[in-house]
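Hi,

Here is the structure I promised to pass on.

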Amino acid sequence: MRRIAFALLACCSVAVAEERRSGLLDMRPEAQAMQRDDSMNPGMLWVLDGEALWGHKPNPAAQSCADCHGDAASSMRGVAARYPAFDAVQGAAIDLAGRIIQCRETRQGGAPLAREGQELLALTSFVAHQSRGLPIAPPNDAGMRAARAQGQSIYITRLGQLDLSCAQCHDDHAGGRLAGSVIPQGHPTGYPIYRLEWQRVGSLQRRLRGCMVGVRAEPFAYGSAEFIAIEAYLMERARGMEVETPAIRP
Amino acid sequence: MVASDAVVQSLTGSAGDPARGRAIVADRQKGFCLLCHSGPFPEEPLQGNLAPSLAGAGSRWNEGQLRLRLMDNKRVNPESIMPAYHRIEGLNRVGANWRDRPILSAAEIEDVLAFLMGLKAERAP
């Protein structure tokens with residue numbers, strides 16, 4: 001009896017895991033191939049740019065990222081899979097890009113990094129790329145619980161003139177077609193992504209803004225607590241899925 | 001204004017124009033109906049499959065029922081993903097460009113209604 005129960009349990013947990021699907025698999029085969037081949041993936045240009053910046057001093061007196069963190073292949077491995085994380089100094093959740101901005105301001109003293117600017121996207125891409133292939137593993141600390149709950153609450157709230165929540169499309173109608181496009185499940189597995197529509201790399205927050213503008217809502221600001229909360233919820237929702245950075249998306 | 005499940009009176013006091021209505025339905029910035037619905041629009045290649053086809057809409061509903069569903073489908077089905085095309089209250093964080101005005105004006109609602117009421121189900125021979 002117990003063996004049957006275990007078998008059933010194993011069955012069910014596999015079924016649940018299989019229901020989640022990266023947006024990678026919703027793309028046509030050529031776009032999937034582009035992501036999988038580093039020599040064809042345009043997102044790798046941002047990763048390489050970030051690698052150069054990693055060793056670069058933002059001003060002659062400053063330290064480079066590498067001066068403190070050393071070889072990113074080991075020091076940054078797994079980091080992006082754990083972000084957003086709780087920042088004890090701010091007493092709030094912080095996203096990976098926010099942490100890089102903070103490091104630049106407080107420890108390197110260089111010019112501030114702008115959200116969606118080339119330098120920040122390159123550094124974020126490079127750092128996140130060090131986690132490629134690792135399972136998304138959000139921290140279980142108490143500090144992140146409030147952010148996740150806030151993120152989930154926004155996720156299920158209808159927004160904008162079109163009065164749609166994230167959940168209505170990306171949970172209830174994922175796999176359906178909005179005009180010609182398959183609605184993905186909305187897992188943030190590959191950010192920053194190279195989006196074919198943008199013809200450049202952009203952050204999850206830029207992508208979220210796109211959806212908010214699409215439903216005619218007032219978007220949250222870059223780096224806002226709301227966006228970081230949504231990101232924290234989405235990462236929890238994608239727990240265990242593989243980091244793909246730099247992903248390609250339509 | 002709402003009688004049971006219908007809005008019987010025209011919002012403008014007159015009948016809409018079906019040709020203008022058709023253009024609104026197909027316009028991806030105006031009615032954007034084809035993002036979710038398919039319909040008899042052979043010239044429009046990218047149509048959604050999230051909602052029933054518009055074909056035959058004029059046979060499924062009478063004019064008053066369809067007017068209500070265009071104005072605010074959530075009056076009939078609170079879980080609907082269809083936007084309320086003629087309601088401004090009860091919305092969250094509406095963008096500055098869109099605040100305090102409905103998606104479609106009263107005249108536009110009547111135009112779309114006139115077009116949809118003309119989409120009759122084909123009768124078996």
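Within β7(A), A:R249 is the bridge partner of A:R195. Before going further, the housekeeping: this is a predicted model, where local features need pLDDT of at least 70 and side-chain atom pairs count only at pLDDT 80 or more, while totals for chains, interfaces and linings use all residues. Residues are numbered from 1 along each chain as its sequence is written, and chains are lettered from A and ligands numbered from 1 in the order in which they are written.

Back to that sheet. Strand β5 (residues 193-195) of chain A pairs with β7(A) in the parallel sense, over two bridges. Helices (H or I, at least four residues) and strands (E, at least two) are DSSP runs, numbered from the N terminus, and two strands pair if DSSP finds at least two bridges between them. The open sheet has three strands in the order β6-β5-β7 (chain A), with mixed pairing. At its edges are β6 (200-202) and β7 (248-249) of chain A, each pairing on one side only.

Two cis peptide bonds turn up around here. One runs from A:Y191 to A:P192, with omega near -10°, and A:P192 sits in the loop between β4 (181-182) and β5 of chain A. The other joins A:T245 and A:P246, omega about 0°; A:P246 is in the loop between α12 and β7 of chain A.

As for chain A overall, it has 12 helices and seven strands. Buried residues account for 38% of the 250 in chain A. Here buried means 20 or more other C-beta atoms within 10 Å of the residue's own, exposed means 12 or fewer, and partly exposed is in between, with C-beta atoms placed from the backbone.

Helix α8 (residues 118-129) of chain A is mostly covered: 10 of its 12 residues are buried. Its end C-alpha atoms are 16 Å apart, which agrees with the 16 Å its 12 residues should span at 1.5 Å a residue (that is, 1.5 Å times one less than the number of residues). The buried residues of α8(A) pack against several elements of chain A, including α3 (43-54), α7 (96-108) and β6.

Then there is A:A229, in helix α12 (residues 225-237) of chain A. A:A229 counts as buried, with 26 C-beta neighbours inside 10 Å. Leaving aside neighbours within four places in sequence, A:A229 is in contact with A:A93, A:A147, A:Q150, A:G151 and A:I154; contact means C-beta atoms, placed from the backbone, within 7 Å.

A:E116 is in the loop between α7 and α8 of chain A and is partly exposed, with 16 other C-beta atoms within 10 Å. A:D163 is in the loop between α9 (145-155) and α10 (166-170) of chain A, and counts as buried with 24 C-beta neighbours inside 10 Å.

Finally, the interface: 19 residues of chain A are in contact with 19 residues of chain B.

Cheers

Conventions: Contact = placed C-beta atoms within 7 Å.
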